[in-house]
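Me: I am new to this structure. Please take a close look at a single part of it, and show how that part sits in the whole.

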Amino acid sequence: MFLSTGWVFAQTGKYVEVIYFHGKQRCPTCRAIEKYTKEVVYNDFAKFVKSGKVRFKEVDISTPQGEKIADKYRVSWSSLYVNGWNNGKEKRNDLTRMGFKYARNNTAQFKTELKKKINQLLK
């Protein structure tokens, strides 16, 4: 019964999904994107993570399972997506360019932009 209810929520609920794609080898900027994305999600949105309203997914595109997900998003290297889900419909937001621009050299700006997008999608 519980699993069924959880599945229904996942299919019909409204939530934000943050997905970080990476391969086996990662440059310093890729590592910064991962580190600061996790910080924002788990520190600034902790209550939303706990309630299931914000979810973080790390996808290693060098694995068979990760490759399938990467194909769905047409991702072939490190990427960052922040997606809004509402009643089973996904609104994708590719923040990869922003991540590479700010994560390593302007961490504060990276965090600000990521928080802004998550907050926008939570409304």
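Reply: Helices (H or I, at least four residues) and strands (E, at least two residues) are taken as DSSP runs and are numbered from the N terminus. On that basis the chain has six helices and four strands. Their order along the sequence is α-β-α-α-β-α-β-β-α-α. This is a predicted model, in which local features need pLDDT of at least 70 and side-chain atom pairs count only at pLDDT 80 or more, while totals for chains, interfaces and linings use all residues. Residues are numbered from 1 along each chain as its sequence is written, and side-chain values use heavy atoms, with hydrogens and water left out.

The part to look at is the sheet, together with what packs on it. Two strands count as paired if DSSP finds at least two bridges between them. The four strands form an open sheet in the order E2-E1-E3-E4, and its pairing is mixed. Strand E2 (54-60) and strand E4 (89-91) are at the edges with a single partner strand each, so one side of each has no neighbour in the sheet. From one strand to the next, the twist averages 25°; here axes are lines fitted to C-alpha atoms, for helices over the stretch in contact, and angles run from 0 to 180 degrees between N-to-C directions.

Now the pairs in turn. Strand E1 (residues 14-22) runs parallel to E2, and seven bridges join them. E1 and E3 are antiparallel and are joined by eight bridges, with Ile-19 partnered by Tyr-81 of E3. E3 and E4 are also antiparallel, with three bridges, and Gly-84 has Lys-91 of E4 as its bridge partner. The hairpin of E3 and E4 has two residues between the strands, and Asn-87 takes a positive phi near 55° there.

How enclosed is E3? A residue is buried under 20% relative accessible area, exposed over 50% and partly exposed in between (1.4 Å probe, protein chains only). Seven of the eight residues of E3 are buried, so the rest of the structure largely encloses this strand.

Helix H4 (residues 64-73) lies across E1, E2, E3 and E4 and runs at about 110° to E1. Helix H2 (residues 28-44) packs on the sheet, where it touches E1, E2 and strand E3 (79-86), and its direction makes about 160° with that of E2. H2 has 17 residues and reaches 23 Å from its first C-alpha to its last, close to the 24 Å expected, a span found as 1.5 Å times one less than the number of residues. Among the buried residues of H2 are Ala-32, Ile-33, Tyr-36, Val-40 and Val-41. The cover over the buried residues of H2 includes E1, E2 and E3, and also helix H3 (46-51), helix H5 (96-102) and helix H6 (107-122).

Glu-34 is found in H2. Is Glu-34 buried or exposed? Glu-34 is buried, with a relative accessible area of 12%. Leaving aside residues up to four places away in sequence, Glu-34 touches Tyr-20, Arg-26 and Glu-58.

Finally, the whole chain. Buried residues make up 40% of its 123 residues. Of the contacts between residues at least 6 apart in sequence, 66% join residues at least 24 apart. The C-alpha trace spans about 45 × 30 × 20 Å along its principal axes.

Methods. Contact means heavy atoms within 4.5 Å.
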